[in-house]
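Q: I have a model on screen and want to learn how to read it. Where do we begin?

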Amino acid sequence: MAITKAIKAKLVNDYKKNVEWEKNVVVLKQFAIPVNEINKVRIELAKVGCKINVVKKRIFLNQMKDFGYGDVSLDILEWSAIVLYSYTDEFAWLKEIEKVRKLWKKAKAKYEIDYIGWWFDKEWKDASYVNSLATLPSKEELVSKLLYLMNYPLQSFVMALDQIKEKKSQE
């Protein structure tokens, strides 16, 4: 079914509103995700300040080019494309999408979501770049690991002193 000019104009206006305030726009591919599952993803992403939309690929790419974002070939947008806009934390969506992907993989779901790429400061980054960022630990995880590493030697030292104290008290 052909899209009328009025529908195209509405789509362009919607894309413009979503991209206008963003530095980063993420493109995901989805395959056979049921509506109830994608709605769960929407709700989780909304909690971290993200919005997710299914887009018309050709119109979306043309508009992104007009907005000054890096040029991307239509060939890399396979399957159905989902675009994610983050309004607060630029990286919060990474952990949410990774949780969903792991959950679906663990459940051996017949549907999937994967990265196609990301416009970071209006420059296109491919899926491998996004995957590498998604596997990095968060700031909170890094701080907790650092605190553990700083605490471990002190804890070991105190335990050794306690063992020496017990040995001396037994003698």
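A: Begin with the word contact: it means heavy atoms within 4.5 Å. The model here is predicted.

Q: Which residues does E96 touch, leaving out those up to four places away in sequence?
A: E96 touches E44, L45 and V48. E96 itself belongs to helix α4.

Q: Is E96 buried or exposed?
A: Buried means under 20% relative accessible area. E96 has 11%, so E96 is buried.

Q: With which side chain does the side chain of E96 make a polar contact?
A: With the side chain of K99, at 3.2 Å.

Q: Now the helices. At what angle do the axes of α2 and α4 cross?
A: Read the angle between the N-to-C directions of the two axes. Helix α2 covers residues 35–47, and helix α4 covers residues 92–106. Their axes come within 10 Å and cross at roughly 150°.

Q: How are α2 and α4 oriented, roughly parallel or roughly antiparallel?
A: Angles over 145 degrees count as roughly antiparallel. The crossing is at roughly 150°, which makes α2 roughly antiparallel to α4.

Q: Is the crossing of α2 and α4 left-handed or right-handed?
A: Right-handed: that is how α2 passes α4.

Q: Which residues meet between α2 and α4?
A: From α2 come E37, V41, E44 and L45. From α4 come W93, E96, I97, V100 and W104. By class, this contact of α2 with α4 has 6 nonpolar residues, 3 charged residues and no polar ones.

Q: Where is K108 found?
A: In the loop between α4 and β4 (112–120). K108 also has a positive phi, about 55°, and is not a glycine.

Q: Does K108 count as buried or exposed?
A: Exposed means over 50% relative accessible area. K108 counts as exposed because its relative accessibility is 72%.

Q: And L149, buried or exposed?
A: L149 has a relative accessible area of 59%, so L149 is exposed. L149 lies in helix α6, residues 139–170.

Q: How many residues apart in sequence are L149 and F67, and what is their distance in space?
A: Read both separations together. L149 and F67 are 82 residues apart in sequence. In space they are 46 Å apart, C-alpha to C-alpha.

Conventions:
Residues are numbered from 1 along each chain as its sequence is written. This is a predicted model: local features need pLDDT of at least 70, side-chain atom pairs count only at pLDDT 80 or more; totals for chains, interfaces and linings use all residues. Side-chain values use heavy atoms; hydrogens and water are left out. Axes are lines fitted to C-alpha atoms, for helices over the stretch in contact, and angles run from 0 to 180 degrees between N-to-C directions. Helices (H or I, at least four residues) and strands (E, at least two) are DSSP runs, numbered from the N terminus. Angles under 35 degrees count as roughly parallel, over 145 as roughly antiparallel, 65 to 115 as roughly perpendicular and the rest as oblique. A crossing is left-handed if the near helix is turned anticlockwise from the far one by less than a right angle, and right-handed if clockwise. Ala, Val, Leu, Ile, Met, Phe, Trp, Tyr, Cys and Pro count as nonpolar, Asp, Glu, Lys and Arg as charged, and the others, Gly among them, as polar. Buried means under 20% relative accessible area, exposed over 50%, partly exposed in between (1.4 Å probe, protein chains only). A polar contact is a pair of N or O atoms within 3.5 Å; within protein, one must be able to donate a hydrogen and the other to accept it, and residues adjacent in sequence count only if both atoms are side-chain atoms.
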